[in-house]
Every structure is written in C-alpha cells, then in structure tokens.
Amino acid sequence: METRVSDIETCHERGWTDGLPVVPPTPELVSAMLASTRDDPASVVCHLPPASGEASLERIAANAVMAGCLPEHLPVLVTALRAAADDTFHLYDILTTVHSMCPLLLVSGPLARELDMNGGVNALGQGNRANASLGRALSLCFRNIGGARPGGLDPATIGHPGKYSYCYTENSELSPWSELHVERGHAADASTVTLYPADAPLCVAEMGNADPEHILRTVAECAAIPGTYNAFFRGELWLVMSPEHANVIAHAGWSKDDAKQYLFDHARIRAGDLSDRGLYAFADDVLRPPWLDEAEPDDMIPLVETADRVTITVAGGPYGGYTSIVFGELAGSITREIEI
Amino acid sequence: MDYVSPFDEQSREAEPLAPRASSLDGARIALLDISKRRGEEFLDHLEARLRSAGAQVRRYRKPTFARPAPHDLIEEIARDANLVVEALAD
C-alpha cells in the first residue's frame, strides 16, 4: 500500500514521533513485522515505565515499523525491552530524571553481524540501518508505550542526541579481546543485548604514544572529574575504545583486566575536591555516600568501587587513537541473551 | 488510512485530579518531603499556614528522592490522611 506524505504528517499530528518522520504503522507493515514470531500479537512482553504502559508484541512491532526496522530486528528489540524493564535496571529513574541520559544498546554476537550492524567506522554515529533503527525503536517504545515524552514524564533538563538512537556493536574483527557477551559468561555463538544508562559519549584523543600507560592515564584523568554521576554514585564506567588503542594495550601484553585495574588505580578524585562539588551538596541522607564522610581530604577516591565495574568495549574504525568515555548513573548495565 | 496504534492509550491519559477539598477545618493533611534540597523549608511554611487554617498536619519523608516511595509509606499516608501535599523537586 502506498504511503503518502499526509500519512507521515498524521503520525506527527498524533504525537507518535521523536520529531523526525516515521514510517506509518499500517496493519500490513505491522503484520509483516510480526511474521516471524509465533506468539500472539496481543501477548504482553513487559510493562514500561514511567506510565507502566503495556508493551504488547503488536505495539512493539508498530514502533519498530515507525523506526524503520526490518522484521529480523524484532527479536533484538523485544529482548532489549525485556532487559530494560528488569527491576535491577531502574528504567523508571533513567527515563524520568532531569539528568541527560538514556539507555545505550549494545548488540553482541553473531546476530549483530547477520543484521549487518556497524561496529566499525562511525560505530556510534549515523549511517547504518540496523544501528539507527534499533536504537530509535527502543526510544520510541519508551516514548509511546512507556509514556516518557519530553516535557511530560521525560523532564530531562538538556537531553542528548543519543536519545534519538544510541545503538552499536563491537568491532569483533579488529578487537584483540573477547566481545562483551563472552566476557560476561555467554557462549561465543550466542547473541546478547546489553543496556547501559548512558550520558553522551566524551571522545578522548591520545595519539602517537604507543604504550598502554600513556593511553590509559589520559583516559583515567578525563574520567576522574567532579560533576559526573559516576563521581557521585561510583557506578559502572563504560568505555568505547578504538581498535588502535585496544591493540596498543594488548600488544604490550596487557589483558583487558589489566587495563581495568589500571583505570581503577588511576581514575581517582581527591576527597576534598568532591565534598562540595557536583551532586554532593544536593544529596539526601540515603544518597550521600558514607565513604566520603569517612575520608580524609587528601584520600584519593576511586571512580568505581572495584576494577570489574569498568566495562571496555572495542568499536570504531581501524585508524585513530580515541577512547569514548560514557558516564552512567547509579544502576549498571544489564545483559540478556537473544532468543531467535 | 488505518494504523496500528503504537501507544498504550491508558498510559497516555492523564490521571484526573481529585476533587478539591471544600474546607481545611479538621482536615488530616500529609505533607510529604521527598528528601530533596529545601523541600523542608517549603513544607515548614505550608504547615504553619495550614495549621492556622484549622487543619491537622503530619509530616512524612521519603528515604530518597531518587526512588519511588516505599509501599509501606504510601499505605501509611493513605490510612492516616485525607489530603496530601508533596514537595516535589527543587
């Protein structure tokens, strides 16, 4: 059936879009999106905060159509929504905070390659259909099913561009290390989604210094700044490391765990520089970290509680000494296996 | 053209406001502090004014503004009060 411009305008008028045009979710397109699933379209996958909206398969498929997804993308989206709705992920807080964050979606394993996802040049940027439409579909589900609409239940003061779409896969071909799902105990031939409550990426350059310490010291210093939610909550810290950085580190004989340990040891902030900065003055009795009250002003406070709370993913093109730091919040990431 | 709605229509509907109280005289009012900065100050002023208007006032406090109120606290307020004022945000 032919779609006209007026159909796209209708979707805008009904408040269904993220501001960009969407594919109108006609019954034919939604049925096609659901063709590969045997489950009842009315079956409920999960409830999405903040309004506890009922995420039925059919509604999820309608949002997937609007975002530009293909039917083979649907299992990824469904698994990502289930993971997002898990109580441990604190999606309610992520969607309703005045802070500027949203779930970042990483797809790992062979399915990412089958779907032709991009973990190479411009991995976190525009240009790849699966990355763009999967990230966008997730965001549209939060908006349309969960009710997290800007100015309504999504009150983010500034927001960030990843709220349109924030999805990538790792560069498994050029990475010297295992993909994240293997590191987290899944079989190499399994595929997973991982969601992380994410600020916009801060891209750090460290060029021309072919040793791990030089690279990681710069990353540690750029990460250890007051005013981020990590500096206050000491939650998980997520990195997107270019293949060049990862290979310099690996070729010097360092494992990924060695790199995490270095960041734990060096990404530290002086206690006296934290006590009246960032979120500290704002904290209530529950949130105020007891370790800060106990610390001496010159104590160096690690940015994460333990080295394994640093997550390193490897993505991006073959050339360029960059690592993007993605600050998070209190909750950490969640990984779930995709069932096809 | 027909579309499949991407909305949960229920989540789209705003909750209707409760009927406005006709009088404060003898009303049992819960003042809920969500533990956000300066909420207490606001509620102190409100409490003084409500008391002078003849209301009974009790103060409640969420452990942290960063999480929904505990179920027990909501139950307690629902049991004890017939009006609630929440000092939301800063």
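The following questions and answers concern a predicted model of two chains, A and B.

Residues are numbered from 1 along each chain as its sequence is written, and chains are lettered from A and ligands numbered from 1 in the order in which they are written. In this predicted model local features need pLDDT of at least 70, side-chain atom pairs count only at pLDDT 80 or more, and totals for chains, interfaces and linings use all residues, while side-chain values use heavy atoms, with hydrogens and water left out.

Visitor: Which three residues supply 23% of the area that chain A buries against chain B?

Guide: Buried area is the accessible area (1.4 Å probe) that two parts lose on being put together, summed over both. Between chain A and chain B it is about 2,400 Å², of which carbon and sulfur atoms give 60%. On the side of chain A, the 23% share, more than any other three residues supply, belongs to A:W16, A:F282 and A:D284.

Visitor: Which residues touch the most other members of the largest nonpolar core?

Guide: A nonpolar core is a set of buried Ala, Val, Leu, Ile, Met, Phe, Trp, Tyr and Cys residues joined through side-chain atoms within 4.5 Å; buried means under 20% relative accessible area, exposed over 50%, and partly exposed in between (1.4 Å probe, protein chains only). A:L81, for example, is in contact with A:C46, A:L48, A:I60, A:L138, A:C141 and A:F142, leaving aside neighbours within four places in sequence. Of the 55 residues in the core, those that touch the most other members are A:L48, A:I60, A:L77, A:L81 and A:L105.

Visitor: Is A:A83 buried or exposed?

Guide: A:A83 is found in helix α4 (residues 74-85) of chain A; helices (H or I, at least four residues) and strands (E, at least two) are DSSP runs, numbered from the N terminus. Beyond four places in sequence, A:A83 touches A:F89, A:V193, A:L195, A:I334 and A:R336. Because its relative accessible area is 0%, A:A83 is buried.

Visitor: How far apart in space are A:V304 and A:A224, C-alpha to C-alpha?

Guide: A:V304 lies in the loop between β9 (300-302) and β10 of chain A, and it counts as buried because its relative accessibility is 2%. A:V304 and A:A224 are 80 residues apart in sequence, yet their C-alpha atoms are separated in space by 9.9 Å.

Visitor: Which residues lie nearest the centre of the largest pocket?

Guide: On a 1 Å grid over the protein atoms alone, a pocket is an open set of points with protein on both sides within 12 Å along at least five of seven lines, whereas a cavity is a set of points where a 1.4 Å probe fits but cannot get out; lining residues have an atom within 4 Å of a point. Grid points are joined across faces, edges and corners, and a volume is the space filled by probe spheres set on the points. The largest pocket holds about 910 Å³ of space. Of its 29 lining residues, those nearest the centre are A:T96, A:T97, B:K36, B:F65 and B:A66.

Visitor: What is the volume of the largest cavity?

Guide: The count comes to 1 cavity of 30 Å³ or more. Its lining includes A:A231, A:R234 and A:W291. The volume of the largest cavity is about 30 Å³.

Key: Contact = heavy atoms within 4.5 Å.
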